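Look over the chain first, then read on.

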Amino acid sequence: MEKYNQLFDVIVIGAGVMGSSTAYQTARRGLKTLLLEQFDFLHPRGSSHGESRTIRATYKKDYYCSMALESSRLWEEAEAEIGYKVYFKTSHLDMGPSDSEFLQEAIASCQTNSIPVRVLDRSEVFEEFSGKFQPPEGWIGMVTPQGGVIKATKAVAMFQTLGVQSGAVLKDNTEVVDIKKDQSTGEIVVFTRADEKFRAKKCVITVGAWTRRLIKTVRGITLPIQPVEIAAYYWKIKNGHEDKFTIENGFPTFGSHGDPHIYGTPSLEFPGLIKIPIDEGGACEPEERTWAAPPDMLDSLRECIRERFGGLVDSNGPVITQSCMYSVTPDKDYVIDFLGGEFGEDALVAGGFSGHGFKMAPVVGRVAAELVASGTAEGVALTHFRIARFEKNLRGN
Ligand SMILES: Cc1cc2nc3c(=O)[nH]c(=O)nc-3n(C[C@H](O)[C@H](O)[C@H](O)COP(=O)(O)OP(=O)(O)OC[C@H]3O[C@@H](n4cnc5c(N)ncnc54)[C@H](O)[C@@H]3O)c2cc1C
């Protein structure tokens, strides 16, 4: 088709939240953009589908705090442009043992970034949230105003729509199998499973759990990005208590930094249910997944739910389980860098979001667009996200 046969300024490969946000950002800068996706748009086989993701600014590594603050602003700008809501604000609670390294460093990071933070002892946490959280003996809580829920699939659809409105061309069911640089023209040529070819001046690779495989083919290097299968669980709130767990009634997004590390969002997408998953899963390959919940993890989660939520959540078992994937680097820092080699600065990879990327999609899209447009991007500490960190030390930063 004619519209695909042009020389694009940028081809973005992979239409999860990162690719869709990037395509929107490149298109709105006037760059002729093509976004390619191997499956149907908004499919449930990657990392960006589902009802909700948490946005919070509490991080041990303080360079993520400022990214989260910028993202929060950019989510609101995108909402204003599209005219509907994907971002529902509330406060955020982190709790854990008083000597928890996460809590101590997250408090310091918030202070460095001028994020108001209140540190509460265990009885103050109980009182502040009217008995809905019951931290164990010796635990503390930290509360920040920058929490919230992002409607995941709806947000990806929003970026794709905004991209199209800005002139991007979108094509799904198009699996990219190789990318080459045409040495005579200097153009990037993208090859697909169906023997199609697309041409551009630059490309951005945002292929989530498929990153290691595609980069190995294209560039011959093995990035240490491990796909991990994760389950999101929804639990039933006991009869008569459903309203207490809503944003309207002050319920926060939260992380509980014990063993296991659990997190959750207020009751929003399924009335009467609350999302409480464990922040861990088993290594997988994207095409070899169990799609099932590991039984031993569920046992420890059940116990946590029985003990931590004032007896108001039914801990017998989750009523909805949704499977998803993280793409985890050894240091849990992202990879946002030029591919180098024959591609130099004409191909950029953005992956390895390690289970904490969704909230940052607007800023990642902004940075990726600036990098392909001008070679530099301000406002984000890109040195932490370089590929070269693994050359010096396989464990990264
Ligand atoms: C259960 C769960 C809960 C999470 N909770 C949070 C949270 O609370 N807060 C937060 O910030 N983050 C959270 N995350 C992490 C966040 O969702 C991810 O970091 C983010 O979605 C990663 O997006 P992505 O675009 O990199 O990957 P993906 O969404 O997987 O997108 C990559 C896309 O590339 C496509 N693709 C792959 N290979 C090719 C190819 N060769 N050709 C064409 N297309 C290709 C794939 O089909 C896919 O659509 C969570 C993740 C999970 C799984």
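Helices and strands here are DSSP runs, numbered from the N terminus; a helix has at least four residues and a strand at least two. The model is predicted.

**The annotated stretch**

An unreviewed UniProt entry places the feature "domain: FAD dependent oxidoreductase" at residues 9–371. Over residues 9–371 the chain is 27% helix and 29% strand. The C-alpha atoms at the ends of that stretch are 13 Å apart.

**Two domains**

How is the chain divided? Domain 1 takes 2–47 + 153–225 + 330–392. Domain 2 takes 53–150 + 226–328. The C-alpha centres of domain 1 and domain 2 lie 29 Å apart.

The two domains touch. Domain 1 gives 29 residues to the contact, and domain 2 gives 24 residues. On the side of domain 1 that touches domain 2, α5 and α8 (361–374) each supply at least two residues. Which element gives the largest share of that side? It is α5, with 5 residues. By class, the side of domain 1 that touches domain 2 has 14 nonpolar, 11 polar and 4 charged residues.

Two packed helices are described by the angle between their axes and the distance between the axes.

| Helix pair | Angle between axes | Distance between axes |
|---|---|---|
| α1 and α8 | about 50 degrees | 8 Å |
| α2 and α8 | roughly 90 degrees | within 7 Å |
| α2 and α5 | about 60 degrees | 11 Å |

Start with α1 and α8. Helix α1 spans residues 17–28. At about 50 degrees, α1 and α8 are therefore oblique to each other. Helix α1 passes α8 in a right-handed crossing. On the α1 side, the contact is made by V17, M18, S21, T22, Y24, Q25 and T26. On the α8 side, it is made by A361, P362, V364, G365, R366, A368, A369 and V372. Sorted by class, the contact of α1 with α8 has 9 nonpolar, 5 polar and 1 charged residues.

Next come α2 and α8. Are they oblique or perpendicular? Their axes cross at roughly 90 degrees, and α2 and α8 are therefore roughly perpendicular to each other. Helix α2 makes this contact through M67, E70, S71, L74, W75 and A78. Helix α8 makes it through P362, V363 and R366. The contact of α2 with α8 has 6 nonpolar, 1 polar and 2 charged residues. P362 and R366 of α8 are also among the residues that contact α1.

Helix α2 covers residues 63–82, and helix α5 covers residues 152–165. Their angle of about 60 degrees makes α2 oblique to α5. The crossing of α2 and α5 is left-handed. Which residues make the contact? From α2 come A78, E81 and I82, and from α5 come M158, T161 and L162. This contact of α2 with α5 has 4 nonpolar, 1 polar and 1 charged residues. A78 of α2 takes part here, and A78 is also in the contact with α8.

**Two backbone details**

Two loops deserve a look. Where does the loop between β12 (253–257) and β13 (261–264) hold a proline? P260 is found there. The peptide bond from D259 to P260 is cis, with omega near 10 degrees.

N173 is not a glycine, yet N173 has a positive phi of about 50 degrees.

Terms used
Residues are numbered from 1 along each chain as its sequence is written. This is a predicted model: local features need pLDDT of at least 70, side-chain atom pairs count only at pLDDT 80 or more; totals for chains, interfaces and linings use all residues. Axes are lines fitted to C-alpha atoms, for helices over the stretch in contact, and angles run from 0 to 180 degrees between N-to-C directions. Angles under 35 degrees count as roughly parallel, over 145 as roughly antiparallel, 65 to 115 as roughly perpendicular and the rest as oblique. A crossing is left-handed if the near helix is turned anticlockwise from the far one by less than a right angle, and right-handed if clockwise. Two residues are in contact if their C-beta atoms, placed from the backbone, lie within 7 Å. Ala, Val, Leu, Ile, Met, Phe, Trp, Tyr, Cys and Pro count as nonpolar, Asp, Glu, Lys and Arg as charged, and the others, Gly among them, as polar. UniProt positions are given in the numbering used here, feature names are shortened, and annotations may be inferred rather than shown by experiment. Domain bounds come from an automatic or database domain assignment.
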